[in-house]
Amino acid sequence: MAIEKVRAFFRARGMEDRIREFDVSSATVELAAQAVGCEGARIGKTLSFVHEDGALLIVCAGDAKIDNSKFKAQFHHKATMLTPEQVQAFTGHIIGGVCPFAIEHPNVTTYLDVSLRRFDIVYPAAGSANSAVELSLPELEECSGSAGWIDVCKGWQTDG
């Protein structure tokens, strides 16, 4: 199970106690926010895209959406989501539990979107459709193996 790999990943960092498992689904931003007890924007959703011979994972705020023109400017190709089968093959996680942790595939690159920078604490999934992990932004940066911060989302800015 993917959550067991994520649990072992965080155990090795002394952070296993940060993982929360729920009796209800946390597979969508709305469900995760209800389960965690926070606003949806604080859910760190991980979106997965085709990129060259691998995949891109972009962790963004729960209220953010990919801006296709920003994505194309950043990565020089159209934003094409992975199929559910590709998601599992590249990440080891299923849709609803996709996260940037315990990824073993060598051709997966993770980025963090600036939409998350509004928060001190965020809650990405932990490898299952009924889990989340509480992380500060520096912890998310480290644990995700992020290649850096990017600006490829829209819809989250309060000034329009």
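Which residues is Val-59 in contact with, leaving aside its neighbours within four places in sequence? In this predicted model, the list comprises Gly-44, Lys-45, Thr-46, Pro-100, Thr-110, Tyr-111, Leu-112, Asp-113, Leu-116 and Leu-140. Val-59 itself is found in strand β3. Its relative accessible area is 1%. Val-59 therefore counts as buried, the cut-off being under 20%.

The largest nonpolar core has 37 residues. Within this core, Phe-10, Ile-66, Phe-101 and Leu-140 have the most contacts. Six named elements give two or more residues to the core: helices α1 (2-11), α3 (68-75) and α5 (137-144), together with strands β2 (44-51), β3 (54-61) and β5 (108-113). The most comes from β3, which gives 5 residues. Leu-140, listed among the core residues with the most contacts, is also in contact with Val-59.

Residues up to four places away in sequence are not counted here. On that basis, Ile-66 touches Leu-47, Phe-49, Ile-58, Phe-71, Ala-79, Val-152, Cys-153 and Lys-154. Another core lies apart from the largest one. This other core has 10 residues, among them Val-29, Ile-43, Tyr-123 and Ala-132.

Val-29 lies in helix α2. Its relative accessibility is 15%. Val-29 is classed as buried because this value falls under 20%. Beyond its neighbours within four places in sequence, Val-29 is in contact with Gly-40, Ile-43, Lys-45 and Gly-62. Ile-43 belongs to the 10-residue core along with Val-29. Gly-62 is 33 residues from Val-29 along the chain.

Helix α2 (29-36), strand β2 and strand β7 (131-133) each supply at least two residues of the lining. The largest share, 5 residues, comes from β2. By type, the lining divides into 14 nonpolar, 8 polar and 1 charged residues.

A record-based annotation covers part of the chain. An unreviewed UniProt entry carries the annotation "domain: YbaK/aminoacyl-tRNA synthetase-associated" for residues 27-142. The end C-alpha atoms of this span lie 24 Å apart. Residues 27-142 are 26% helix and 27% strand.

Backbone angles single out two further residues. Most residues other than glycine have a negative phi. His-76 has a positive phi of about 65°, although it is not a glycine. This residue lies in the loop between α3 and α4 (84-91). His-76 has a relative accessible area of 68% and is therefore exposed, the cut-off being over 50%. Ala-102 is not a glycine either, yet has a positive phi of about 60°. Its place is in the loop between α4 and β5. At 15% relative accessibility, Ala-102 counts as buried.

The loop between α4 and β5 also holds Glu-104 and His-105. Glu-104 is exposed, with a relative accessible area of 62%. Glu-104 and Thr-91 are 13 residues apart in sequence. Their C-alpha atoms are 7.2 Å apart in space. His-105 has a relative accessible area of 27% and is partly exposed. Not counting residues up to four places away in sequence, His-105 touches Ala-89 and Phe-90. Ala-89 is 16 residues from His-105 in sequence. From C-alpha to C-alpha, His-105 and Ala-89 are 8.3 Å apart.

Note on methods:
Residues numbered from 1 in each chain as written. Predicted model: local features only at pLDDT ≥ 70, side-chain atom pairs only at ≥ 80, totals over all residues. Heavy atoms only, no water. Core = buried A, V, L, I, M, F, W, Y, C linked by side-chain atoms within 4.5 Å. Buried < 20%, exposed > 50% of the residue type's maximum accessible area, 1.4 Å probe, protein only. Helix = DSSP H or I, 4+ residues; strand = E, 2+ residues; numbered from the N terminus. Contact = heavy atoms within 4.5 Å. UniProt positions renumbered as here; feature names shortened; annotations may be inferred. Nonpolar A, V, L, I, M, F, W, Y, C, P; charged D, E, K, R; others polar.
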